[in-house]
Amino acid sequence: MTNDQLQLDVAAELFWDPKVGSAAIAVSADGGIVTLRGAVGSLREKREAKKAAERVCGVTAVNDELRVQILDRDRREDTELRGDVLHALILDGVIPTTVDARVAGGFVTLTGTASWQYQRDEAKFIVANVPGVFGIEDRIKLITSPDGRDIKNDISGAFTRSARLDADGLSVSAAPGSVTLSGVVRSWAEHDEAIAAAWGAPGVTEVHDHIKVEY
């Protein structure tokens, strides 16, 4: 696929996605690497634009250089914004009460502890939806205890069971609390499936991603 065709395909996918306002997004492509530039109206929209680009066949990496341009009606003082963020976190039953947030200049720093990666992901997803948030830094620590099982075999088994993942191109290595994934997959959907499976293993507090996307 040529760079021009990939650029057109990504631009078409951004236009197709109703969650993304693509009018102010510029797309460039170079050997499978796509760069997004321009402005979007929210942090959620910035994340959705990157996901949309990753869905396109031929994309091996996405450089997200989009900036969040908050509308005047959505701007908040830091104290007010922190209140909105904490309220959103409290209303979500998935996020533990041990998660806290600090706000400075519209940027939210998530702190505290959680037991699972999906709880950290949920916290970032919820905060990205709060109007007025420019960016998020995740400093939530995972506190979980290994249950004595073989993490490597458990993750390899999860790969094999998945209907959305070709496990033949992946390898897993594990140390206490830490997992390293390597190999090649055919799409970002497969990549994300593999990462999610690794985070689902009890006792995992770190996942090192060395997976390559190749078409």
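Lys and Arg count here as positive and Asp and Glu as negative, while His and the chain ends are not counted. The place of a charge is NZ of Lys, CZ of Arg, CG of Asp or CD of Glu. On that basis the protein chain carries 24 positive and 33 negative side chains. The centres of the two sets lie 2 Å apart.

This is a predicted model, where local features need pLDDT of at least 70 and side-chain atom pairs count only at pLDDT 80 or more, while totals for chains, interfaces and linings use all residues. Residues are numbered from 1 along each chain as its sequence is written, and side-chain values use heavy atoms, with hydrogens and water left out.

Start with the whole chain. It has 6 helices and 10 strands. These are DSSP runs, numbered from the N terminus: helices are H or I with at least four residues, strands E with at least two. The C-alpha atoms fill a box of roughly 50 × 50 × 20 Å along the principal axes. Of the 215 residues, 40% count as buried. Buried means under 20% relative accessible area, exposed over 50%, and partly exposed in between (1.4 Å probe, protein chains only).

Now look at contacts, meaning heavy atoms within 4.5 Å. Take those with a separation of 6 or more: residues 24 or more positions apart account for 64% of them.

Two helices come next. The expected span of a helix is 1.5 Å times one less than its number of residues. Helix α2 covers residues 43-54. Its 12 residues should span 16 Å, and its end C-alpha atoms are 17 Å apart, which agrees. Among its buried residues are L43, A49 and A53. Charged residues are buried there too, including E45, K46 and E48. Helix α6 spans residues 188-199 and also has 12 residues. It reaches 17 Å from first C-alpha to last, close to the expected 16 Å. W188, H191, I195 and W199 are among its buried residues.

Turn to strand β5, residues 107-114, where T109 lies. T109 counts as buried because its relative accessibility is 13%. Beyond four places in sequence, T109 touches D100, A101, R102, E137 and R139. E137 is 28 residues away in sequence, yet the two C-alpha atoms are 4.7 Å apart.

R149 sits in the loop between β7 (141-142) and α5 (151-161). At 52% relative accessibility, R149 counts as exposed. Leaving out residues up to four places away, R149 touches D154 and P202. A201 is 52 residues from R149 in sequence and 9.4 Å from it in space, C-alpha to C-alpha.
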